[in-house]
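Subject: Structure handover

Hi,

Here is the structure I promised to pass on. Please open it alongside this note. My findings follow below.

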Amino acid sequence: MSTDADTAIEQRLEEIRLTRRVRWIMYGLLSVLFVAALYGSIRLMDFSFGYLYQQWPYFTDQIVNYVPDLEFLIEENLPLEAGITLAMGFVGTVFGIPFALALGVLGSGRVTPFPFNFIFRSIMAVSRAIPALVWFFIFIPLSGLGAITSTIAIFVSTIGNLGRLFTDELEEIKEGPIEAMETTGASKSQTVSFGMLSQVKTSFIAWTLYIFEVNVRQAVTLGLLGGGGIGVVIEVQQGMRAYDNMMAGILVVFVLIVAVEMVSQRIRSYLRDDEEADGLIALIVGFPQRMAESAVK
């Protein structure tokens with residue numbers, strides 16, 4: 001008995017040692033692949049720290065040209081352009097909400113049986129797979145360069161991004177209220193409205209506010225392509241090498257985005273007791289990353 005137990009323990013220890021060896025081998029292979037991918041990416045971009053070091057003195061000499069010109073901010077009425085950018089994000093979001101809600105609900109397996117729900121999921125996937133930047137180029141023949149085209153691009157992008165979030169929330173709801181509605185003889189529409197949507201209305205509002213944040217940042221990016229708002233001003237001044245004016249526009253963008261995110265996060269944190277709103281410092285530090293992420297959505 002004792003010998004059998006000792007043998008079993010030894011076998012188990014050997015299995016653990018073997019598992020650890022395999023795990024370390026996998027870690028080693030992944031590390032090699034990571035280093036190879038990093039090196040290949042650097043070579044592909046022709047990235048050089050030496051070149052940056054050589055350019056650093058020139059950069060420090062030119063940095064004085066990037067001090068925001070506050071007179072330009074007032075003369076060109078940049079707050080009005082920022083308002084146009086905010087309007088683009090707001091209207092695109094509002095127009096997209098009913099479509100996102102319809103597709104999000106119909107895309108849930110709890111509402112539409114498999115495989116028919118994938119028809120609606122596919123529509124959202126197409127909307128989400130194509131970035132707003134590409135939708136902007138697609139709709140230029142429809143409404144030309146301007147705020148209307150940007151709004152349409154944001155609207156189409158909102159359908160996929162927000163609709164998918166709605167679908168995911170519906171997949172996580174509790175069965176109890178649904179079963180209770182069904183036992184009372186409620187119709188399918190009544191079950192969806194009062195048994196399902198009533199459970200996720202708070203989350204739906206919170207996700208809509210989050211997508212609104214994203215859409216305002218997208219509106220700035222589309223403006224850089226001629227899509228209206230403050231982005232156009234920044235692009236024009238950059239083309240004229242008027243970097244002080246360009247920085248004034250960027251300053252307005254910074255204030256606009258941080259203000260929208262602070263208001264949105266405060267409302268979301270109020271709706272969701274488990275979500276803590278980011279502080280001003282966190283919003284400022286994460287500003288460049290969020291702008292970059294929005295550009296590809």
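Start with Phe99, which is partly exposed because its relative accessibility is 46%. Keep in mind that this is a predicted model. Phe99 pairs with Phe155 in an edge-to-face arrangement. Their centres are 5.4 Å apart, with 75 degrees between the planes. Phe99 belongs to helix α4 (residues 78-106) and Phe155 to helix α7, so this pair ties together parts that are 56 residues apart in sequence.

Trp207 is partly exposed at 21% relative accessible area. Tyr210 is partly exposed too, at 25% relative accessibility. Across the whole structure, a search finds 10 aromatic pairs.

Now the overall picture. The protein has 13 helices and zero strands. It has 297 residues, and 35% of them are buried. Take the contacts between residues at least 6 apart in sequence: 73% of these join residues at least 24 apart. The accessible surface comes to about 17,900 Å². Carbon and sulfur atoms account for 68% of that surface.

Next, a buried site. Ser150 lies in helix α7 (residues 147-171). Its relative accessibility is 0%, so Ser150 counts as buried. Which residues does Ser150 touch, leaving out those up to four places away in sequence? They are Met88, Phe136, Leu222 and Gly227.

Helix α10 (residues 230-239) is also worth a look. Its buried residues are Ile230, Gly231, Val233, Ile234 and Gln237. They are on the same side of α10, because they cover an arc of only 160 degrees around the axis. Just after α10 comes Arg241, with a positive phi of about 60 degrees.

Last, the surface. Leu18, Val22, Ile25, Met26 and Leu29 make up a nonpolar patch there. Together they have about 480 Å² of accessible area. One of them, Met26, is found in helix α1 (residues 2-45). Met26 is partly exposed because its relative accessibility is 44%.

Best wishes

Conventions
Residues are numbered from 1 along each chain as its sequence is written. This is a predicted model: local features need pLDDT of at least 70, side-chain atom pairs count only at pLDDT 80 or more; totals for chains, interfaces and linings use all residues. Side-chain values use heavy atoms; hydrogens and water are left out. Helices (H or I, at least four residues) and strands (E, at least two) are DSSP runs, numbered from the N terminus. Buried means under 20% relative accessible area, exposed over 50%, partly exposed in between (1.4 Å probe, protein chains only). Contact means heavy atoms within 4.5 Å. Patches are made of residues with over 30% relative accessible area and no salt bridge: like charges are joined within 9 Å, nonpolar side chains (Val, Leu, Ile, Met, Phe, Trp, Tyr) within 5 Å. Accessible areas come from the Shrake-Rupley method with a 1.4 Å probe; for residues, only the protein chains shown count as cover. A salt bridge is a side-chain nitrogen of Lys or Arg within 4 Å of a carboxyl oxygen of Asp or Glu. The arc is that of the directions from the helix axis to the C-beta atoms. Rings of Phe, Tyr and Trp (its six-membered ring) pair if their centres lie within 6.5 Å; planes under 30 degrees apart count as stacked, over 60 as edge-to-face and the rest as tilted.
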